[in-house]
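Here is my note on the model, as numbered points. Please read it with the structure open.

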Amino acid sequence: MSTRVEVLKTYKIYIGGQFPRTESGRYYSPKNKRGESLANVCLSSRKDFRDAVGAARNAFGGWSGRAAFNRAQILYRIAEMLEGRKAQFIDELVKQNASAKDAEREVNLSIDRIIYYAGWCDKFQQVFSSVNPVASSHFNFSVPEPTGVVSIIAPQNSSLIGLVSVIAPIIAGGNTCVVLASEDQPLCAVTFAEVINSSDVPGGVVNILTGKPSELIKYFAEHMDVNAIIYCEKDDANKKLIQEKSALNVKRAIFYDGVNWLDEEKSQSPYFITDTQEIKTTWHPIETVGSAKAGY
Amino acid sequence: MAKATKNNTLKLKFDSLKYAPAPESKSSATINAQYDLFINGKFERPLSKKYFDTINPATEEKLSSVADANAADIDKAVKAARNAYSNVWSKMAAKERAKYIYRIARMIQERAREFAVIETLDGGKPIRESRDIDIPLAANHFFYYAGWADKLDYAFPNQHPKSLGVAGQIIPWNFPLLMAAWKIAPALATGNTVVLKPAETTSLSALKLAEIIQESDLPPGVVNILTGAGATGAAIVNHPDINKIAFTGSTDVGKIIQRATAGTNKKVTLELGGKAANIIFEDAPIDQAVEGIINGIYFNQGHVCCAGSRLFVQESVYKEVLRKLKDRIATLIVGDPMDKNTDIGAINSKQQLETIHKYINIGKKEGAEMFESSCALPRKGFFCRPTLFTNVAQSSRIAQEEIFGPVLTIQTFRTDDEVIEKANNTPFGLSAGVWTDKGSKIFNLTTKLRAGVIWANTYNKFDPTSPFGGYKESGFGREGGLHGLGAYLNVHS
Amino acid sequence: MAVINQTLAIPDFSLSPRIDHVGVEERASRFTKRSIKAETKVNGLKLTLNMIDLTTLEGKDTNGKVKQLCYKALHLHDAYPGLPTVAAICVYPSMVSVAKKALGNSGVKVAAVATAFPSGQAPRRVKISDTKFAVDNGADEIDMVISRGKFLEGEYSFVFDEIAAIKEACGNARLKVILETGELVTYDKVRRASDIAMYAGADFIKTSTGKVSPAATMPVTLVMLEAIRDFYYKTGKMIAMKPAGGISKSKLALHYLVMLQETLGEAWMNNHWFRFGASSLANDVLMQLEKERTGVYQSANYFSID
């Protein structure tokens with residue numbers, strides 16, 4: 001009886017609800033600390049990023065227009081799917097240097113984090129909106145609205161929790177995004193894309209690329225159809241580059257350096273949602289006729 | 001006596017009741033021959049030793065000469081602001097901070113007439129507007145934010161927001177005192193200290209504010225006001241000991257500032273240009289909509305970043321709206337800004353008048369049809385008739401670029417979807433207007449228009465409690481209201 | 001039905017343009033920001049006098065009272081040379097013949113409030129005979145009231161037909177149609193009633209009887225002026241306007257003139273096309289004219305009360 005040959009997983013990128021290989025045909029083979037190759041992973045190109053932004057832009061109108069309750073259900077569905085594939089994520093995390101115990105903790109925390117933001121979907125508007133008592137005879141209110149397409153360089157020091165922590169608040173708020181996974185630990189990102197793809201998240205809402213930040217940061221920062229960029233490292237040169245390139249279209253540059261994504265107290269809050277929200281204020285006249293008063 | 005006729009091409013004429021001149025008295029305002037820099041509670045001669053002239057754009061006469069601050073002057077002011085922040089302002093009880101801001105609000109109210117006259121002489125805007133809009137709103141802004149000083153923990157749930165430190169603020173020439181209030185009031189309420197630079201063509205009301213601040217006994221260095229042009233602004237932007245840059249002005253300069261502050265830890269908020277769509281549906285209250293169009297584009301000579309410069313009219317009411325618009329334009333009085341009857345005053349500077357003329361010529365070359373009021377213009381000074389262009393396409397430059405003058409472009413549309421798409425088809429996203437009597441349509445439009453301020457069945461309304469600011473290339477951050485506090489606090493920590 | 005109806009397409013009045021309340025009040029207040037000085041002011045004040053329908057509408061009106069008022073109409077303030085007369089005397093039908101005789105061929109018109117003024121709560125035949133009585137006695141103008149109850153019930157055809165019938169009864173007399181805006185409450189309804197009145201044959205539209213508060217206001221008058229402008233745009237036919245009640249100060253009257261000028265233009269700036277229905281306005285205007293002439297603030301003691 002011959003031993004069964006294991007079927008190896010192909011790690012592809014995720015654009016517009018599809019899993020293409022990189023158009024460049026390039027790949028790289030990140031290794032773990034034991035020197036074992038993790039997989040052949042797509043080395044995404046500038047054009048892959050362009051395609052992903054296109055997909056994110058196409059998806060934005062529909063996603064931002066969904067009922068907040070519906071977005072909440074879809075985020076909850078992501079958590080359900082993640083729970084169902086917990087073992088696979090633990091395996092991948094262990095392969096990428098984590099202890100079994102830490103791996104399980106990170107996956108649990110990731111599931112909880114998605115639930116946390118699922119809950120915020122239909123609540124943050126209530127907390128951060130205002131009715132403004134203007135002096136004239138007008139009704140005036142301010143509400144947060146998603147800023148648009150967000151490009152994200154995911155935290156590089158983690159494979160799953162960092163990725164989840166930056167994606168969840170962005171899409172909870174109605175934005176769409178293009179995310180570059182951790183260069184050294186990309187496995188969970190691709191598997192997470194599969195989770196998203198099976199969670200009723202419309203194609204294009206989340207797009208996940210693998211590859212090298214050193215190659216792609218510039219394009220993430222300069223693309224004219226990207227409204228905001230998130231960067232999570234302490235690298236001053238990159239931060240400067242991002243801010244300079246952001247000036248091309250007055251992009252919102254948001255830095256989360258120094259956040260410990262495993263620290264539940266510090267690494268999750270509705271302020272991660274409002275960072276990619278715009279405040280819209282609407283005015284309308286109030287007809288106050290005659291002498292009728294709401295006295296009783 | 002005009003005869004009844006079935007021919008409806010008769011024009012209404014607006015000539016018989018000519019308004020006699022009704023000039024506001026200049027005597028209520030004192031303008032010094034020369035102004036120094038307001039640093040650390042005192043007026044000090046500039047280290048640059050340079051001064052420049054500020055003129056009345058309605059007469060081209062010199063009003064005063066104003067110090068031109070250089071980098072050394074800015075450094076001196078930043079040191080004063082840092083010292084005041086560290087040793088006085090950040091240590092003061094918030095409720096005491098509030099009382100200083102209230103005091104400034106009251107003093108502006110007391111000297112409102114003087115401020116209005118100075119604003120109009122130096123900037124060219126009609127005295128009716130500076131008297132009824134700019135100055136009262138500026139005072140109200142201080143009054144509103146004063147009350148926030150000791151209530152900040154309530155504005156950001158579950159956070160204890162911290163002040164940033166020294167704020168460098170650069171403001172434009174279109175609403176000089178009001179923009180100073182929009183910048184200084186929230187900065188002080190949140191516990192920051194300020195180095196502010198007014199625009200070089202409109203320094204005088206900010207300097208008058210400096211005098212008030214001095215009289216108010218605000219601790220020295222908490223607010224420093226330094227005059228100058230672009231280089232002075234750059235010295236603020238580039239100063240290493242400034243924690244926050246707040247800028248209102250053009251998108252071009254905003255981008256330069258964003259680039260210049262890259263790699264620093266300065267928190268930046270930008271309130272930049274706009275090219276707002278003002279959308280008239282067939283079921284709109286047409287007469288009020290026409291008034292909204294006028295208010296949208298000819299308020300303050302069109303020197304308004306949120307001006308309703310792109311008019312979209314549903315085809316079924318296009319002729320009616322255009323006719324009424326032209327009739328209304330004929331009643332606008334262009335001329336001496338100090339005259340109480342003036343509707344449209346002087347263009348702020350020669351340079352800006354040239355920019356406007358450049359765009360008017362572009363519009364003509366693009367084949368758009370121009371209509372302008374037939375009113376006479378004063379011989380001296382910088383003036384421009386209220387102008388509109390029909391036959392404009394989405395691809396016309398005059399419909400794409402910010403003109404910042406009394407120039408309106410008119411496009412027609414057929415369906416709701418079409419106009420939403422066209423309205424959003426711009427890199428800007430500051431404001432928009434919607435006119436329809438149907439509530440559900442208003443909410444469809446106001447949700448889908450990508451802009452920070454939406455006026456439905458009204459236009460160009462401002463209030464201290466109402467957040468203001470843009471989407472996309474119109475900038476980021478909000479000014480006004482609760483949300484305006486966020487620009488001066490470290491909230492997310 | 002009046003002749004004009006054959007040439008005009010009658011619109012569906014339930015589709016009359018909507019009015020934004022805040023917007024129209026803002027526009028109205030903007031007129032009050034115009035500063036009227038010097039010669040413009042004097043001309044405006046004289047024009048105001050010439051546009052007044054000097055009014056007495058009291059149960060206790062007598063021949064004597066009306067005669068005195070007519071004398072005042074022709075001699076506003078003889079100490080000030082060259083003053084115009086008022087436009088008309090406005091009285092109840094029973095006083096028309098007295099007024100007509102007192103005014104002679106002075107050119108000052110006699111206007112009669114008819115149609116069961118001020119409530120209008122009477123059968124149509126009574127209103128028609130009320131109107132005919134006034135016209136037969138020499139009234140140059142008829143100020144009718146619309147049936148507000150029917151209007152508020154949505155019976156627009158009833159209101160329309162009634163106005164048309166009264167117009168027919170007027171013969172050559174000009175018809176002013178009083179909407180009684182204080183009872184219609186919203187500007188939308190004022191606009192709709194204005195449209196009905198104009199299409200039914202009104203020569204004037206008029207705000208108020210003076211018996212209901214609020215009477216004329218600037219925003220309500222603006223809504224009606226804009227209705228007149230739209231009617232003019234559509235038909236080329238000019239309709240006159242009469243705000244009545246509540247305008248007793250010359251400064252306010254000048255604001256109305258600014259509003260008229262900037263809304264309808266110079267063709268309307270005369271007493272054929274615009275009237276003030278007022279009783280105490282004339283003396284305030286006179287005091288202002290004297291103040292302009294002498295530079296001294298005036299006392300009511302020097303101006304006749306009639």
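How many of the 12 residues of helix 6 of chain A are buried?

1. Helix 6 of chain A, burial. 12 of the 12 residues are buried, so helix 6 of chain A is largely enclosed by the rest of the structure. Buried means 20 or more other C-beta atoms within 10 Å of the residue's own; exposed means 12 or fewer, partly exposed lies in between, and C-beta atoms are placed from the backbone. Among the buried residues of this helix are A:Ile161, A:Gly162, A:Ser165, A:Pro169 and A:Ala172.

2. Ground rules. This is a predicted model: local features need pLDDT of at least 70, side-chain atom pairs count only at pLDDT 80 or more, and totals for chains, interfaces and linings use all residues. Residues are numbered from 1 along each chain as its sequence is written, while chains are lettered from A and ligands numbered from 1 in the order in which they are written. Helices (H or I, at least four residues) and strands (E, at least two) are DSSP runs, numbered from the N terminus.

3. Helix 6 of chain A, geometry. The helix covers residues 161–172. At 1.5 Å a residue its span should be 16 Å, and the end C-alpha atoms are 16 Å apart, which agrees. The expected span is 1.5 Å times one less than the number of residues. A:Gly174 follows the helix, with a positive phi near 95°.

4. Chain A overall. Chain A has 11 helices and 10 strands. Of its 296 residues, 51% are buried. The radius of gyration is 21 Å; a compact globule of 296 residues would have one near 19 Å, which agrees. That radius is taken over C-alpha atoms, and the globule rule is 2.2 Å times the number of residues to the power 0.38. The C-alpha atoms fill a box of roughly 95 × 40 × 35 Å along the principal axes.

5. Chain A against chain B. The contact takes 31 residues from chain A and 37 residues from chain B. Two residues are in contact if their C-beta atoms, placed from the backbone, lie within 7 Å. On the chain A side, strand 10 of chain A gives the largest share, 8 residues. Strand 10 of chain A also pairs with strand 18 (residues 453–456) of chain B, parallel, over 3 bridges. Pairing requires at least two bridges found by DSSP. A:Trp283 stands opposite B:Trp455 in strand 18 of chain B.

6. Cores. Which residues touch the most other members of the largest nonpolar core? They are C:Ile89, C:Ala99, C:Val177 and C:Ala197, in a core of 104 residues. Helix 10 (residues 218–235) of chain C supplies the largest share, 10 residues. A nonpolar core is a set of buried Ala, Val, Leu, Ile, Met, Phe, Trp, Tyr and Cys residues joined through C-beta atoms within 7 Å. Leaving out residues up to four places away in sequence, C:Ala197 touches residues including C:Ile146, C:Val177 and C:Ile205. A second, separate core of 92 residues includes B:Val195 and B:Leu489.

7. Strands in chain B. Strand 14 (residues 369–372) and strand 15 (residues 387–390) of chain B run antiparallel, joined by 4 bridges. B:Glu369 has B:Thr390 as its bridge partner in strand 15 of chain B. Strand 15 of chain B also runs parallel to strand 16 (residues 407–413) of chain B, with 3 bridges. There B:Thr387 stands opposite B:Val407.
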